[in-house]
Structures are given as C-alpha cells and as structure tokens.
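Reader: I would like to learn how to read the sheet and the cores of a protein model. Please take one feature at a time.

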Amino acid sequence: MGYYHTVALMLFLHFTTRRLVSQVYCGLKTASAKKQRTCYEMARPSSNMAEFREIFAKAKHITIITGAGVSAESGVPTFRGAGGYWRKWQAQDLATPGAFAKNPSRVWEFYHYRRELMMTKHPNPAHIAMAECEARLNRQGRSVVVITQNIDELHRKAGTKHLLEIHGSLFKTRCTSCGNVTANYKSPICPALAGKGAPDPDAEDTRIPVEDLPRCDDCNGLLRPHVVWFGETLDSDVFTEVEKELEICDLCLVVGTSSLVNPAAMFAPHVSARGVPVAEFNMQSTPATDKFRFHFQGPCGTTLPPALARHETELIS
Ligand SMILES: *[C@@H]1O[C@H](CO)[C@@H](O)[C@H](O)[C@H]1NC(C)=O
C-alpha cells in the first residue's frame with residue numbers, strides 16, 4: 001500500500017521524529033527490567049468507563065477516527081477478506097488506477113453496485129452517537145471531528161457535520177481530464193449502468209463503451225469515483241486538515257478499527273505521544289503491547305452510545 005508509506009513519510013516531516021521513535025521503541029528496548037516493567041504497566045489499556053467519562057467530560061476538542069468496523073455493523077461489505085468478493089475480484093483488484101485504465105467499464109460496474117447497495121444501508125447506533133455528541137457539544141462550545149476511512153457516507157447520513165473522509169466518497173466523482181470533484185447521488189449514475197453491476201461470479205462482464213460511462217458536465221472527460229485507490233496518496237488538503245485536528249485534540253477515539261493498523265496507526269501514535277488519551281472501541285482483544293489509554297471491546301454500536309452520552313456535568317444538552 002504505497003500511499004500509506006507516502007503518508008508515513010509526510011508525518012515524519014511534520015511531527016517530531018524523536019517523539020515518534022520513542023513511542024515505537026517503548027517496551028521493545030532491552031533496557032533494565034525495571035524500566036521495561038514500568039513501560040509495560042503504563043501501556044496497559046484500561047477498560048474503566050467511569051475513568052473514560054471523567055476525561056470525556058473535560059475534553060474540548062475530540063477527534064474520532066473511524067474504520068471499516070463501524071460500516072460493517074450497518075452491513076456494508078468491504079470486499080476484502082474471506083468471502084469479500086464482487087464477481088471473482090476483491091477491492092484490491094478493482095480499486096486501483098491500473099484496473100481503471102485497463103477496464104473502466106468493469107470498475108464503474110463495481111462502484112455502481114456499491115452505490116446502489118448503500119440505498120439499503122442505514123447508520124447504526126455508533127454513527128448516531130457520534131453525530132448526536134457533536135451537535136450537543138457544539139452547543140457547549142466544544143468540538144467533535146470525525147476522521148473516517150469509510151467511503152459510504154453513513155456518518156453524513158447520521159448527521160455528522162465536521163467530517164474528514166480521508167479515502168473520499170462513493171458519492172463523489174472526479175474528472176480524469178479537468179479534475180473537477182462533484183457530489184453525485186444519481187441512481188443510476190448514468191443510463192448505461194442501469195441494471196448493471198450484478199455481483200454474482202457468473203454475471204456478464206459487459207464492456208460499456210467509454211463514452212457511455214459517467215462523463216464530466218464541464219469538459220465531457222471520463223469521470224472516476226473520487227476515492228483513494230490502492231497505490232494512491234491521500235488528498236493533501238484533507239491531510240492538512242487532519243493534521244490540524246490531531247494537533248489541537250485533547251481526546252482521541254479510535255472506533256471500528258485498531259490504533260495499531262492503518263489508517264489510525266498513522267495518526268493515533270502522534271496524539272498519544274503528546275500525552276493525549278486515546279480510547280479504542282472495537283471487536284479486537286487488547287494487544288498486550290498496546291500503549292493507548294483505554295480499550296473497550298465489543299460492537300461499537302453497543303459500547304459507544306453510553307461512552308458519548310450526556311455527562312452529568314454538561315450544563316447544556
Ligand atoms: C465542477 O462541475 C460542476 C458541475 O458541472 C460545476 O457546477 C462546478 O462549477 C465545477 N467546478 C469547477 C471548480 O470547475
């Protein structure tokens with residue numbers, strides 16, 4: 001995944017390298033046994049909700065990083081891992097610039113299918129808890145931002161206003177000629193794709209002529225989904241905003257993914273290195289070497305709503 005490497009490099013340029021390195025080596029160094037134990041004890045994540053709620057009550061800038069697990073709880077397929085196929089391909093076979101160059105019709109059929117599928121999917125209690133928390137805290141002069149790798153817009157549907165979609169959106173197009181990015185909720189996105197995109201392995205692979213695929217209203221160039229594909233870099237404007245949010249946040253939540261895997265792994269360690277508490281909400285069991293403050297295991301639709309509910313010290317609800 002080339003773009004993660006590029007981003008990791010950018011982070012090295014933007015954050016102090018010393019901090020990053022000391023984070024990475026915590027617990028790995030063959031220092032004195034005593035020092036190792038201290039590091040390990042400090043690293044032990046807590047699952048004490050009351051303690052989390054105390055920190056939550058005081059936080060003024062909350063950053064929430066969300067991943068595939070939040071979408072999965074709404075039944076959104078990722079087309080990755082066991083059983084995650086569209087016809088005989090997985091996302092990593094089709095979500096690439098090479099696949100689009102070779103067969104734009106097939107790639108558009110895949111994205112058309114994913115767009116249409118979203119009509120039957122709805123935000124779950126985790127999405128709603130985040131959106132409600134944002135609206136409530138905004139009225140108290142506090143901020144909540146959601147940084148997501150999910151491209152399905154379920155956060156937007158739930159009512160999240162301050163949203164950074166680092167991997168783009170199924171419902172945006174970008175012109176391959178003029179670069180125009182436009183929101184697009186048409187169904188079907190173009191007449192030629194009507195009734196296409198069946199996911200069955202034996203479905204017909206129609207080659208729609210390239211002039212009948214989605215085209216730009218301005219210059220008639222070929223449109224592509226405005227999503228970050230394998231081998232591509234994150235949008236630099238979005239990245240700059242993400243960086244700004246990470247620098248000001250005083251509480252960071254990692255939801256439906258692990259802070260040890262991308263994209264959260266790119267961001268959470270820097271926040272943690274500033275001494276800011278990081279709380280994970282996911283299905284994973286606690287990694288023994290985890291260096292983050294809290295870990296709440298289980299479906300985030302169950303664990304997140306009570307965590308983000310109004311705290312008794314909040315005067316305005
Ligand atoms: C992009 O395309 C839309 C729709 O055609 C148009 O309204 C908008 O002005 C374009 N934006 C730019 C920056 O060219």
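Author: What follows treats the sheet, then a helix on the sheet, then the cores. This is a predicted model, in which local features need pLDDT of at least 70 and side-chain atom pairs pLDDT 80 or more, while totals for chains, interfaces and linings use all residues. Residues are numbered from 1 along each chain as its sequence is written, and side-chain values use heavy atoms, without hydrogens and water.

Reader: In what order do the six strands of the open sheet stand?

Author: Strands are DSSP runs of E, at least two residues, and helices are runs of H or I, at least four, numbered from the N terminus; two strands pair if DSSP finds at least two bridges between them. Here the order is S3-S2-S1-S7-S8-S9, with parallel pairing. S1 (residues 61-66) and S7 (residues 251-255) are joined by five bridges, and Ile62 is opposite Leu251 in S7.

Reader: Why is one side of S3 and of S9 left without a neighbour in the sheet?

Author: S3 (163-165) and S9 (294-297) are at the edges and each has a single partner strand, so one side of each has no neighbour in the sheet.

Reader: Which strands does helix H9 lie across?

Author: H9 (residues 125-138) lies across S1, S2 (143-148) and S7, at about 150° to S2. Axes are lines fitted to C-alpha atoms, for helices over the stretch in contact (heavy atoms within 4.5 Å), and angles run from 0 to 180 degrees between N-to-C directions.

Reader: Which residues of the largest nonpolar core touch the most other members?

Author: A nonpolar core is a set of buried Ala, Val, Leu, Ile, Met, Phe, Trp, Tyr and Cys residues joined through side-chain atoms within 4.5 Å; buried means under 20% relative accessible area (1.4 Å probe, protein chains only). Among the 30 residues here, they are Trp108, Tyr111 and Trp229. H8 gives the most to this core, four residues. Another core, of 25 residues, lies apart from it and includes Phe56 and Leu304.

Key
Buried means under 20% relative accessible area, exposed over 50%, partly exposed in between (1.4 Å probe, protein chains only).
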